[in-house]
Every structure is written in structure tokens, then in C-alpha cells.
Amino acid sequence: MLFGASTPAASVIAEDMTPLVLAGLLYLGAAVAVSPWWVARRPPTAALRRNWGLLATAIVAGGAVGPALLTAGLVHTPPATASLLLNMELVATVVLAATLFREHLGRNMIVAALLVTVAGVLLVWEPGAAFSVDALLIVGACVFWGLDNSVTSRIDQVSPQHVTFLKGVVAGSVNLALGLAITGAGRVSGWSVIGALVVGAFGYGASITLWVRGAQQLGAARGQVIFATAPFIGAALAWLVLSDSIDAVQLVATTIAAIGVAVSLRSAHLHQHE
């Protein structure tokens with residue numbers, strides 16, 4: 001729910017600042033949200049050294065590149081469409097979990113990934129046999145988050161809060177610094193900065209922490225299945241709160257993706273009882 005609400009909220013803030021600045025502030029907000037855990041109990045140095053490769057991949061892919069692509073794509077993509085496109089994160093996680101990490105998926109998960117992929121293609125396809133570049137940037141963000149999901153679920157003896165803190169401080173600072181160096185602060189208002197930090201704290205800090213805790217118990221692919229309900233929440237909020245127009249293609253894509261998520265949820269349920 002938290003991550004689902006963050007996308008339409010970030011799309012509003014994206015009108016007031018450049019993508020890299022917004023990406024940096026979102027993850028710095030996430031770091032602020034989980035900073036009490038880092039202060040109260042720092043992770044063992046030995047665990048950080050043992051997991052440094054996984055942590056570095058998660059920080060770069062999930063904390064730096066993914067958010068930068070998402071915020072860039074939000075500029076000209078309708079909030080509801082952007083929210084629905086985040087279902088592609090499920091596809092990326094499933095594919096990477098199966099190919100790189102040999103995680104057993106089963107037929108239902110494969111069918112679910114195919115259905116969600118079809119829904120994603122409908123959302124990025126534009127009249128005239130062209131693809132929306134902005135929408136493809138969001139799909140790219142999902143690919144990097146899929147990689148992040150796969151490696152993060154394999155990090156041991158480092159709590160979800162610590163992983164999120166490292167992502168936020170390192171990747172958030174780098175993106176913010178790059179954004180300010182390349183484009184400058186511009187006319188960014190103080191309220192926009194506060195808004196980005198708040199959205200990051202709840203939509204990324206709290207939600208990532210909860211996701212990692214669940215993924216460590218369920219596995220990356222099955223954890224992502226439940227997390228894949230977030231885009232529908234984001235789309236609903238965009239339609240109801242932001243008065244985003246409802247297109248026929250969005251409704252068709254929503255239906256197909258919802259069926260895919262339902263199939264994958266059944267796969268996760270069956271897996272738990274095997």
C-alpha cells in the first residue's frame with residue numbers, strides 16, 4: 001500500500017524538480033525513516049564484508065539507477081499508467097530469480113509473468129506502432145529493481161533496515177549530488193523537498209523494509225508477487241485523487257495484470273503447502 005501510493009505522489013512532485021534530484025531525495029527520505037535502527041544497532045562488520053557484493057549491487061541497481069529511471073519516466077507518463085507499469089517489476093524479479101539464482105517457480109509463476117508482460121506491452125505501446133520512451137524508462141527501472149529484489153533477499157545477518165539505510169545514504173546522496181551538479185536546484189520549493197522526503201520515508205523506507213523482511217522468508221519471486229498488488233493501489237489513487245483520466249487500454253491492462261497477479265498468488269499459496 002505504501003509503495004503503491006508513492007508513485008502518484010512522486011508524479012506530482014516530479015513537476016517541480018529534475019528526476020535525479022527527486023530520486024536522491026526519495027531515497028534520502030527512506031534513509032531518514034530507518035536511521036533509528038542504524039543508530040541503535042549497527043550491523044556486524046563481518047556481515048557487511050561477507051555480503052559486500054550483494055549490498056553493492058542492491059545499492060547501485062535498486063537505490064541509484066532504478067529510482068533515476070523511474071523519476072525520469074514519471075515526467076511525461078500519466079500517474080495511473082506509471083503505477084500499472086510497475087507490475088513489470090514482478091516479471092523482472094521472476095525472470096532473474098529463475099535464470100540467475102535458479103529459484104524454482106513452477107508453471108503458474110511463468111503464466112503470471114507472461115500475463116503481466118502482455119499488460120506492460122499494452123501500456124508502453126503508442127498509436128502508430130511506436131513505444132513510449134518515458135514508459136520504457138519505467139520498465140527499465142523495474143528491471144533494475146528486479147535485480148535488486150533478487151540479491152537483497154539473499155543478504156544474511158544484515159537487517160532490512162540496515163540495507164535500506166545504506167541504499168538511501170549512498171545512492172540517495174549520489175543521485176542528489178549529480179542532479180544538483182548537472183541541472184542545479186532551479187526553482188525547487190521547500191515544500192517540494194519536504195514532500196519528496198516524506199514520500200521517500202513511507203513509500204520507500206517503510207515499504208522496502210517490510211518487503212525485504214517478507215522476501216527473506218518467502219523468496220524473491222514470491223515476495224514480489226504480493227508486492228505486485230501495489231501498482232493497482234497506485235492506479236486507483238491516481239484515478240480517484242489526482243483525477244487522472246481512465247483510458248480503455250489502462251482498464252484492459254489492469255484486468256490482464258490482475259489475472260496474472262492472482263495466478264502468481266495461487267502459485268505462492270501452493271508452494272507454501274508443498
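Visitor: Which helices each supply at least two residues of the lining of the largest cavity?

Guide: In this predicted model, α8 (133-152), α10 and α11 (220-227) each supply at least two lining residues, and α10 gives the most, with 5 residues.

Visitor: What makes this space a cavity and not a pocket?

Guide: A cavity is a set of points where a 1.4 Å probe fits but cannot get out, whereas a pocket is an open set. By this rule the count comes to 2 cavities of 30 Å³ or more, and the largest holds about 160 Å³ of space.

Visitor: Which residues lie nearest the centre of the largest cavity, and how does its lining divide by class?

Guide: Of the 15 lining residues, Glu89, Asp148, Asn149, Ile208 and Phe227 lie nearest the centre. The lining as a whole divides into 8 nonpolar, 4 polar and 3 charged residues.

Visitor: Turning to helix packing, why is α1 called roughly antiparallel to α10?

Guide: Helix α1 (residues 2-13) and helix α10 (residues 190-218) pack at an angle of about 160°, with their axes 9 Å apart. Angles over 145 degrees count as roughly antiparallel, and therefore α1 is roughly antiparallel to α10. The crossing of these two helices is left-handed.

Visitor: Which residues of α1 and α10 meet?

Guide: From α1, Leu2, Phe3, Ser6, Ala9 and Ile13 take part, and they meet Ser192, Gly195, Ala196, Val199, Phe202, Gly203, Tyr204, Ala206 and Ser207 in α10. By class, this contact has 9 nonpolar, 5 polar and no charged residues, where Gly counts as polar and Tyr as nonpolar.

Methods. Residues are numbered from 1 along each chain as its sequence is written. This is a predicted model: local features need pLDDT of at least 70, side-chain atom pairs count only at pLDDT 80 or more; totals for chains, interfaces and linings use all residues. Side-chain values use heavy atoms; hydrogens and water are left out. Axes are lines fitted to C-alpha atoms, for helices over the stretch in contact, and angles run from 0 to 180 degrees between N-to-C directions. Helices (H or I, at least four residues) and strands (E, at least two) are DSSP runs, numbered from the N terminus. Angles under 35 degrees count as roughly parallel, over 145 as roughly antiparallel, 65 to 115 as roughly perpendicular and the rest as oblique. A crossing is left-handed if the near helix is turned anticlockwise from the far one by less than a right angle, and right-handed if clockwise. Contact means heavy atoms within 4.5 Å. On a 1 Å grid over the protein atoms alone, a cavity is a set of points where a 1.4 Å probe fits but cannot get out, and a pocket is an open set with protein on both sides within 12 Å along at least five of seven lines; lining residues have an atom within 4 Å of a point. Grid points are joined across faces, edges and corners, and a volume is the space filled by probe spheres set on the points.
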